[in-house]
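Please have the sequence and the model open while reading.

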Amino acid sequence: MAAGLLLSGVIGALLATAVPAQDPSSGFVDPPPDRIVIKVATVNGSGCPQGTAAVAVSQDNTAFTVTYSDYLAQVGGTSDPTAFRKNCQLNLIVHVPQGFTYAIASADYRGFAALQPGASGIQRASYYFQGSPNTEFRNHPFRGPYNDNWQATDTTDWAQLVWAPCGVQRNFNINTELRVSAGTSDPAKTSFMTMDSTDGDISTVYHLAWKECPDT
């Protein structure tokens, strides 16, 4: 576990993917001027062994990334029988500027997949605040033959956004999963799916929506 690990590095490259300012009539407001701070309370799962997941916040407070360096699911060949499914649950302590609350408006996932003909893979994710019911997983399937980078995006309409409660600290949970099935593929050949890469880490980007809390 990485309890209490402060991850305050800034990823300038996120500026190109930040959520734009929204029309006030939509309920959105511009991001607050103060930076949010995110700490990792716990990291659990076969897809994120200790020391292999990190969090950073964009300079303009409109996005943050979770970076994985050892997130690999595989099946076939000499793969371990339990390696077909990998998962990761991040429990994040999010400190936001006073008077504001936030919600996850969208999430971008990236990785690489090499799926044999007849094999398939799936990327899943859900997000929820501590004390709230676990949301349903969003599923993104992939089918072999496939040998390329992959990208998946979850988007939530404004009316369906789940906002962090105002004035109360609630940890934010991110659950992700990769699963690979051999299907009708040659069992001697390996199929795999990652949320990392051979030449560096792949970042999962979560885009934030902001609104002001009512006066208390």
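## Disulfides, pockets and cores

A disulfide joins C166 to C213, with an S to S distance of 2.0 Å; the term stands for a pair of cysteine sulfur atoms within 2.5 Å. The model is predicted: local features need pLDDT of at least 70, side-chain atom pairs count only at pLDDT 80 or more, and totals for chains, interfaces and linings use all residues. Residues are numbered from 1 along each chain as its sequence is written, and side-chain values use heavy atoms, with hydrogens and water left out.

**Disulfide C166 to C213**

- The link of C166 and C213 has -90 degrees about the S-S bond and is left-handed.
- C166 lies in the loop between β10 (146-155) and β11 (172-181) and C213 in the segment after β13 (202-212), so the pair ties together parts that are 47 residues apart in sequence. Strands here are DSSP runs (E, at least two residues) and helices are runs of H or I of at least four residues, numbered from the N terminus.
- C166 is partly exposed, with a relative accessible area of 34%, whereas C213 counts as buried at 16%. The classes are buried under 20% relative accessible area, exposed over 50%, and partly exposed in between, with a 1.4 Å probe and protein chains only.

**Disulfide C48 to C88**

- The whole structure holds two disulfides, and another pairing joins C48 to C88 with S to S 2.1 Å.
- The torsion about the S-S bond of C48 and C88 is about 100 degrees, so this disulfide is right-handed.
- C48 sits in the loop between β2 (37-44) and β3 (53-57), and C88 in strand β6 (residues 85-95), so parts 40 residues apart in sequence are tied together by the pair.
- C48 is buried, at 2% relative accessible area, and C88 is buried as well, at 1% relative accessibility.
- With the bonded cysteines of the protein chain numbered in sequence order, the pairing reads 1-2, 3-4.

**Largest pocket**

- The largest pocket contains about 340 Å³ of space. On a 1 Å grid over the protein atoms alone, a pocket is an open set of points where a 1.4 Å probe fits, with protein on both sides within 12 Å along at least five of seven lines; lining residues have an atom within 4 Å of a point. Grid points are joined across faces, edges and corners, and the volume is the space filled by probe spheres set on the points.
- Its lining has 19 residues, and V96, F100, P165, C166 and G167 lie nearest the centre of the largest pocket.
- Strand β7 (residues 100-115) gives the largest share of this lining, three residues.
- The lining of the largest pocket comprises eleven nonpolar, six polar and two charged residues. Ala, Val, Leu, Ile, Met, Phe, Trp, Tyr, Cys and Pro count as nonpolar, Asp, Glu, Lys and Arg as charged, and the others, Gly among them, as polar.

**Second largest pocket**

- About 180 Å³ of space lies in the second largest pocket.
- The second largest pocket has 13 lining residues, with I104, Y127, T135, T156 and V162 nearest its centre.
- Elements giving two or more residues to this lining are β7 and β8 (120-129), and β8 gives the most, three residues.
- By class, this lining divides into eight nonpolar, three polar and two charged residues.

**Nonpolar cores**

- The largest nonpolar core has 42 residues, and F64, L92 and F172 have the most contacts inside it. Such a core is a set of buried Ala, Val, Leu, Ile, Met, Phe, Trp, Tyr and Cys residues joined through side-chain atoms within 4.5 Å.
- β7 supplies the largest share of this core, seven residues.
- A second, separate core of five residues includes A103, L161, W163 and A209.
- L92 touches I38, K39, V40, V55, F64, N171, F172 and I174, leaving aside residues up to four places away in sequence; contact means heavy atoms within 4.5 Å.
- F64 belongs to strand β4 (residues 63-68) and is buried, with a relative accessible area of 3%.

**Chain overview**

- The protein chain has zero helices and 13 strands.
- Of its 216 residues, 44% count as buried.
- Among contacts in the protein chain with a separation of 6 or more, 82% are between residues 24 or more positions apart.
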